[in-house]
Amino acid sequence: MREEESSRFLLPFRVTMLSINRWVALGFLAFSSGYGYLAFTYRILPFERFLAMKPNTLPIGLAVAGMVCSIALLLVPEEQSSGSGEENKVLGSDHKYLESPENYEWGKGAGLLILAVIYALSLRQAGFLISTSVFLIFGGLMLGERKFWILVPVSCFASFLVWYLVDEVLTIFMRPWPMIIYQ
Amino acid sequence: MWDQMLLGIQTAFTLQNMFFAALGCFIGTIIGMLPGLGPMSVVAIMIPVSIQIGDPSTTLILLAGVYYGAIFGGSTSSILINAPGEAAVVATSFDGYPMARKGQAGKALTIAAISSFSGGTIGAILLMGFAPVLASFAILFWSAEYFALMLVGLSAVAAFAGKGKVLKALMMTLLGLMLSTVGESSLFNAPRFTLGLLDLQSGIHFVTLAMGLFAVPEAFFLALDVLRGQKGGSKEARDISNLRINLKEAKTIAPVIGRQSIQGFLIGVMPGAGATIASFLGYAVERNLANPEERKEFGQGSIKGLAAPETANNAASTGSFVPLLTLGIPGSGTTAILLGAFIALNLQPGPLLMQDRPEVFWSVIFSMYFGNIILLILNLPLVPYIARLLAIPRTYLIPFVLFFAMAGAYIGQNNATELLLLIGFGVFAIIMRFADYPLPPLLIGFVLGQIFEDNFGRAIRNANGIQFLWERPMTLALVLATLAFVMIPLYRDWRSRRKASSLG
């Protein structure tokens, strides 16, 4: 019953290969157009005006090629998922995740990415050692690890080891402690 | 000459120099495994330490060992966790990582070690025999030829355009080329497409893009799918620490190693081309030469697809010593740093080095043989242990893969914006993988884009037009080779479609 409910909930998210290809092609068209606009309006310096190749020569060419290619991707009928093809027999196409989303743990995948963003934002304030240890501990917890007596020391030791190798051995500076300590 | 070579052998094979060659290989392998610390950074870090030794031959032998070790170390993270920390090992992950996912990590690492050894050793033999001749050939390469060579490199994307994916591969290459134009360029005076962001002033960094495109999606999919990485292959084949290669496999990769050692070396000899383009081209050439059955395996864990770039990048790394030792011109970023080490040691690489300091010249070359043997001896017994890293429980492995990728972009830059950019690229790559777009062409476009534009610009300025494309014979030959690289897969695709439709 519970499984059925979750399948029904995920139904609108079932994306066909055709629709995702169209959306991606549309995204490329928008990106190429934006890039082309920036290339066309790029302010060329006075002494660059008479150069055989200007700073925006190649970008304009790339933008035009990008627009042509994305329009072709929009118009040309694409084969349906290649996931069933011979090529992907062993490893499988990643499109399979969209074909049956209820079989996979989307929360964990998305949670991991959100945790990575938090880690990136906290590095400056909290310093390398604390933010990395917290990231590794919460990452493990999110994926189902419950043996704290292993997880916590392993995470702290790994953060320290990487910091020691980079900062102390290779002498590439990496601030270990929170910003507040240095103020 | 034989006296000089003998002097080189005597210098290279002293106990002290053999120890430092082994130490260099070991340090390089360990540090090179960290994404973000490619051979260039590792050699640069080691220069101040190695100069303390005092003896120029020993210092250069140590640095050459570090260089080879770092290249091999980079391929380990490429194969095991799909995190290529350096452009030259990107192509290694195309088939190396699928092999690891099929449970053949040990075999993949062994093939990588043997290919690296063979490429490096054959490269050293060629270096010894043909260095002076090749040096004079290398300087015939002007901007026009480099531009054409980049075109050949870009044509490698055709190798990733599977059935019905030609347009997708082309779109990704264009996107890579567009991203390569962001920031400052050596050809122009102001940064481009930075959207006013200071962080983009120096452009998008390779490690940020590579980790975002390859490692982040992998961590995401591993978290998403509990069974990922536990499928495919027989039970014996799935023994991750098994490093045995059977006779049939050895026979399959032998011609690949032979061809790619020579091709990679010749590409490495040309200043500016280097190991990256050698590995991409090696992969593309082998895919085109493979029979239809073998071609289907490329990108899915083909041993040929792994051996080709691994051999080529090591042979090219050896080849890049030719212009450095004989002309004093650094052929790659790493050899540019090594040139700094030469100068710091009061040595002037160039035509006179062989005459003035034969013991240094020849001992560096002979230490390459020794270094490659050490790398093999050092790495083969370690393969089962390194491969077992994949047996770490996923609750630890996944956060560590993500951390490893992010640390690569953070080390040396201390810039959190770089990490946000990395995650952004990661999300983009996830969407692209859902839509079945090939990601390697994007990275190839990005890596070759900057060199492509610089050389195109210079060639146009020199010739005041594009007539160099047909007026310079070598440029014309390379352009024709590019056309062949693009047309052959298109023709094969068309022929198979026609066959299918006539059967249907």
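**Exercise 1. Determine how many salt bridges the rule finds across the interface of chain B and chain A, and how many residue pairs there are in polar contact.**

Step 1. In this predicted model, the search for salt bridges across the interface of chain B and chain A returns zero.

Step 2. Turning to polar contacts, seven residue pairs are counted between chain B and chain A, with both residues at pLDDT 80 or more.

Step 3. The elements that each give two or more residues to the side of chain B that touches chain A are α5 (90-101), α8 (166-180), α9 (206-224), α18 (394-410), α19 (416-434) and α20 (440-463) of chain B; of these, α19(B) gives the most, with 11 residues.

Step 4. Sorted by class, that side of chain B has 49 nonpolar, 11 polar and 16 charged residues.

**Exercise 2. State how much area is buried between chain B and chain A, and which residues of chain B lose the most.**

Step 1. The contact draws 76 residues from chain B and 81 residues from chain A.

Step 2. The area buried between the two chains is about 6,900 Å², and carbon and sulfur atoms give 75% of it.

Step 3. On the side of chain B, the residues that lose the most area to chain A are B:Phe193, B:Phe403 and B:Phe434, which together make up 10% of what that side buries.

**Exercise 3. Locate the salt bridge of B:Glu249 within chain B.**

Step 1. Over all chains, the whole structure holds seven salt bridges.

Step 2. B:Glu249 pairs in this way with B:Lys107, their closest N and O atoms lying 2.7 Å apart, which is within the 4 Å cut-off.

Step 3. The pair links distant parts of the chain, 142 residues apart, since B:Glu249 belongs to helix α10 (residues 247-269) and B:Lys107 to helix α6 (residues 105-138) of chain B.

**Exercise 4. Describe the nonpolar patch on the surface that includes A:Ile181.**

Step 1. The patch is formed by A:Ile130, A:Val134, A:Phe138, A:Trp177, A:Ile180, A:Ile181 and A:Tyr182, with about 720 Å² of accessible area together.

Step 2. Helices α5 (106-142) and α7 (179-182) of chain A each supply at least two of the patch residues, and A:Ile181 lies in α7.

Methods: Residues are numbered from 1 along each chain as its sequence is written. Chains are lettered from A and ligands numbered from 1 in the order in which they are written. This is a predicted model: local features need pLDDT of at least 70, side-chain atom pairs count only at pLDDT 80 or more; totals for chains, interfaces and linings use all residues. Side-chain values use heavy atoms; hydrogens and water are left out. Contact means heavy atoms within 4.5 Å. Buried area is the accessible area (1.4 Å probe) that two parts lose on being put together, summed over both. A salt bridge is a side-chain nitrogen of Lys or Arg within 4 Å of a carboxyl oxygen of Asp or Glu. A polar contact is a pair of N or O atoms within 3.5 Å; within protein, one must be able to donate a hydrogen and the other to accept it, and residues adjacent in sequence count only if both atoms are side-chain atoms. Helices (H or I, at least four residues) and strands (E, at least two) are DSSP runs, numbered from the N terminus. Ala, Val, Leu, Ile, Met, Phe, Trp, Tyr, Cys and Pro count as nonpolar, Asp, Glu, Lys and Arg as charged, and the others, Gly among them, as polar. Patches are made of residues with over 30% relative accessible area and no salt bridge: like charges are joined within 9 Å, nonpolar side chains (Val, Leu, Ile, Met, Phe, Trp, Tyr) within 5 Å. Accessible areas come from the Shrake-Rupley method with a 1.4 Å probe; for residues, only the protein chains shown count as cover.
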